[in-house]
Amino acid sequence: MEGVVLEGVGVSYDGVWACKDIHLGIRKGEFFTFLGPSGCGKTTLLRLIAGFITPQSGAVFLDGKDITHLAPEKRKVGMVFQNYSLFPFLTVYQNIEYGVAIQNKTPRERKETVALYMDMVGLAGFGGRKVTELSGGEQQRVALARSLAVEPSVLLLDEPLSNLDARLRDAMRGEIKSLQKRLGITTIFVTHDQTEALTLSDRVAVFNKGRVEQIGTPLEIYNAPRNVFVAGFVGDTNLFRVTTDNDRARLAHGIELRMPGAARGQGHLSIRPQDIELSSSPVDAPNTLQGQLAGRQLNGVWIDLIVHVGEFVFRVAQLNTAARKSEPQPGEPVWMTLPEKALRLLED
């Protein structure tokens, strides 16, 4: 069952469309992510669902009900803003109680509700503290508890991790996902960070210039990108302009690769850096190219390598393990094999 449905919605500012003709169906209980660069329309859509913006076209449905023109406070939607938007002059308890206070609950019920969600986000015992005394992670928990305390049908998260340091961001990712699964609440998460999208989401919509480029599971988005933009934005990839014909892909300067199923046409060839096999000695295998190692960089779990083949530059990623043997050094020859199953032909 679909919890949130967008039917052809569009929003424009001064005649310029921030998003246009968006059709989306988000299932009840799903963790759905809007992923894209700054200015692509993802936050505009989130604010539209929250009721802060009215679309110039289309309609918004929540649990089968048209809420396009419904006031924000009547939508049963909770939202966590990028800057948290907490009240600095109120305590943790008072911030969380703020939304609950306007509901038809007795003082005892309000107290029990606030205590429940404070405990749920790990803030038990923090009720009397001012939010200005809290760390960034603790403030985020307050904002999350405040949104959940009104018991919304949908939780909206607008880049909630962007102001946290890397280690805390990783920890909060896990906490948000665990909490969402525990409550079973429909959640829409906005981010420009591909790691957040891939690790948290049931499904992802990739946005670019106010339109949806692709919708799918994290694996579908990463392993089967629909076009050049998705391949380049979600993960790292090598992209080369090619012409294709008779199961062959041809790059400039006479480089030809076997690509079963390739018909006559043009496009971009994509291969992920970790799919390229690298050797310091000659290899007798299809799609093997000789090149020169131009550089290497340790990136923790991965070792990033730059290989030049004529005028072409390839990125290769290898797992950094204790079992690694002697490796080629910059300036030395190397042989790269591009497995046929790893090659993808993409449209612009």
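The bounds of the two domains discussed here come from an automatic or database domain assignment, and the centres of domain 1 and domain 2, taken over C-alpha atoms, are separated by 40 Å. The model is a predicted one, and its chain is divided into domain 1, covering 4-229, and domain 2, covering 236-346. Between these two parts there is contact, in which 7 residues of domain 1 meet 6 residues of domain 2.

An unreviewed UniProt entry carries the annotation "domain: ABC transporter" for residues 4-234.

Helix 2 (residues 92-100) packs against helix 3 (residues 107-120) at an angle of about 120°, and their axes are 10 Å apart. Angles of 65 to 115 degrees would count as roughly perpendicular and those over 145 as roughly antiparallel, and helix 2 and helix 3 are therefore oblique to each other. The crossing in which helix 2 passes helix 3 is right-handed. On the side of helix 2 the contact is made by Val92, Tyr93, Ile96, Glu97 and Val100, and on the side of helix 3 by Arg110, Lys111, Thr113, Val114 and Met118. Sorted by class, the contact of helix 2 with helix 3 comprises 6 nonpolar, 1 polar and 3 charged residues.

Helix 2 also packs against helix 4 (residues 136-149), here at an angle of about 25° and with the axes 7 Å apart. Because angles under 35 degrees count as roughly parallel, helix 2 and helix 4 are described as roughly parallel to each other. Their crossing is right-handed. Helix 2 contributes Val92, Asn95, Ile96 and Val100 to this contact, and helix 4 contributes Val142, Ala145, Arg146 and Ala149. By class, the contact of helix 2 with helix 4 has 6 nonpolar residues, 1 polar residue and 1 charged residue.

Lysine 76, although it is not a glycine, has a positive phi of about 60°, and its place is in the loop between strand 5 (65-66) and strand 6 (77-80). Asparagine 287 is likewise not a glycine and has a positive phi of about 60°; this asparagine lies in the loop that runs between strand 15 (277-279) and strand 16 (288-299).

Methods: Residues numbered from 1 in each chain as written. Predicted model: local features only at pLDDT ≥ 70, side-chain atom pairs only at ≥ 80, totals over all residues. Heavy atoms only, no water. UniProt positions renumbered as here; feature names shortened; annotations may be inferred. Axes fitted to C-alpha atoms, helices over the stretch in contact; angles between N-to-C directions. Helix = DSSP H or I, 4+ residues; strand = E, 2+ residues; numbered from the N terminus. Left-handed = near helix turned anticlockwise from the far one by under 90°. Contact = heavy atoms within 4.5 Å. Nonpolar A, V, L, I, M, F, W, Y, C, P; charged D, E, K, R; others polar.
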